[in-house]
Amino acid sequence: MSRETHYQALELGGSATPAEIRQAYERLSSVFDLDSLALYTLVTPEEQGRALQRIREAYRILSDPEARAAYDYSIGVVEAGSPGVVEDDIGAAPNAIESAPPAAGLQAIPAVESHVEHSAAGLHAKSPSDEVHADSQSDGGHEESPPAPELRAGSAADGLHADSSLAETQAAPLDDEEVMVLGDEDVIEIVESGGALIAQPLAAPSILEAIDGETEFTGALLQAVREARGISLKEVSERTRVGMNHLQSIEAESFELLPERVFLRGFLQTYARELRLDPARVAETYLRRRESRSIR
Amino acid sequence: MATDEEKKKANRLARAIASDISLYNEEKIVKGIEADNFFEALEAELEEGRDLYRSRVSPDLFRTSNYYDRAVVDIIVRSRGHIRSKLWL
């Protein structure tokens, strides 16, 4: 995985205007301000300092037209508005400029973007932050007018990550070349996440079927459920705003590294919701487990 | 008698705790306000937050101030004044 781009650092698309860049810089600077209460317990002061430094570095480059142009060239972003540029490919998704490989067993095939947009009007509610195009910048795809590949993949670990129009796409008659090919192991389900419908691998039934109202949730079980759902810790952290170090400590049951009960309860409930488990049950059983170890 | 600095730190701690509760319990808070049972729904979180606050400030300051309760109201409840609820009546 390559280092995030300056655009991603500021949560912007490649076609962001100077005003948008300025706004993003000011917003993120205030979020990561060293006195920020909102980040209490979430990140260490060192992490906060690094994030601030990263934001400033990104702003320094992107706010300078010449430096930005050179940077855009170096990462392969074609200036927005140039002939032949598909605006959405660059601008709509902050992650669009960093390609991610499609999930194993899936093939991204040139296809049906326009068909999908028309047929699924009103359903296309995907969050820009979730959107990572599966195609590669290096092939110069943005210079060409043919529609973008249909399949969009967040990451290999994410499994298939298609937009809400997937069902429409599959239901409509398609040419052979438009068919999304799934491997034998790619059993998927459509779920809602952050206002968008995404397709993701079904969790291994054996794990989820074993969970009921009496289940005692351990760190290992949470990890198993997460892995069965094909979600990486990094993705959980990004979606829930719970720090990676805390998630790792939860799964490893490194109780001595975990924060006070009031904070841990919040982390556990948030994590449980992400895994589509009962938040109250997860929090209660995990906290009880920690109490029984008499660490705190 | 608590110094001004101690009071300031206590207030900051109270607000930080309330802020974290607010951040990680959005759904529960909204439902609690909507159903007008906010304090019952968040009882565990609020009490655990209070326990933490109590453990970090002097007994005298804890007894004679209400920074924690004010922080709960200011940060968790008041910021959601747009939610329709009997809580506001």
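I will start with confidence in chain A. Its mean pLDDT is 65, and 51% of its residues reach 70 or more. Within chain A, the lowest confidence falls in helix α6, residues 113-119, with a mean of 34. The highest is in helix α11, residues 244-252, at 95. There is also a stretch, residues 79-187 of chain A, over which pLDDT stays under 50. The model still has 209 contacts beyond four places in sequence for that stretch. Where pLDDT is low, the predicted coordinates should not be read in detail.

Next, chain B. It has six helices and zero strands, so in order from the N terminus its elements read α-α-α-α-α-α. Chain B has 89 residues, and 35% of them count as buried. Take the contacts in chain B between residues at least 6 apart in sequence: 78% of these join residues at least 24 apart.

Two packed helices are described by the angle between their axes and the distance between the axes. For α1(B) and α4(B), the angle is about 155 degrees and the axes are 10 Å apart. The cut-off for roughly antiparallel is over 145 degrees, which is why α1(B) is described as roughly antiparallel to α4(B). The crossing of α1(B) past α4(B) is right-handed.

Which residues meet between α1(B) and α4(B)? On the α1(B) side they are L13(B), A14(B), I17(B), A18(B) and I21(B). On the α4(B) side they are E45(B), G49(B), L52(B), Y53(B) and R56(B). By class, the contact has seven nonpolar residues, one polar and two charged.

Now the interface between the chains. In chain B, 14 residues are in contact with 14 residues of chain A. On the chain B side, α1, residues 4-24, and α4, residues 43-56, each supply at least two residues. Of the elements of chain B, α1(B) gives the most to this side, with eight residues. The side of chain B that touches chain A is made up of seven nonpolar, three polar and four charged residues.

R276(A) has a phi near 60 degrees, a positive value in a residue other than glycine. Its place is the loop between α12, residues 261-274, and α13, residues 279-292, of chain A. Is R276(A) exposed, partly exposed or buried? R276(A) has 13 other C-beta atoms within 10 Å, and therefore counts as partly exposed.

Chain B has a case to set beside it, D36(B). Phi of D36(B) is near 60 degrees, again positive in a residue other than glycine. D36(B) sits in the loop between α2, residues 26-34, and α3, residues 38-41, of chain B. D36(B) is partly exposed because it has 14 C-beta neighbours inside 10 Å.

E291(A) has 12 C-beta neighbours inside 10 Å, so it counts as exposed. E291(A) and R261(A) are 30 residues apart in sequence, and their C-alpha atoms are 9.7 Å apart in space.

Methods:
Residues numbered from 1 in each chain as written. Chains lettered and ligands numbered in written order. Predicted model: local features only at pLDDT ≥ 70, side-chain atom pairs only at ≥ 80, totals over all residues. Contact = placed C-beta atoms within 7 Å. Helix = DSSP H or I, 4+ residues; strand = E, 2+ residues; numbered from the N terminus. Nonpolar A, V, L, I, M, F, W, Y, C, P; charged D, E, K, R; others polar. Axes fitted to C-alpha atoms, helices over the stretch in contact; angles between N-to-C directions. Parallel < 35°, antiparallel > 145°, perpendicular 65-115°, else oblique. Left-handed = near helix turned anticlockwise from the far one by under 90°. Buried ≥ 20, exposed ≤ 12 C-beta atoms within 10 Å, placed from the backbone. pLDDT = per-residue confidence, 0-100.
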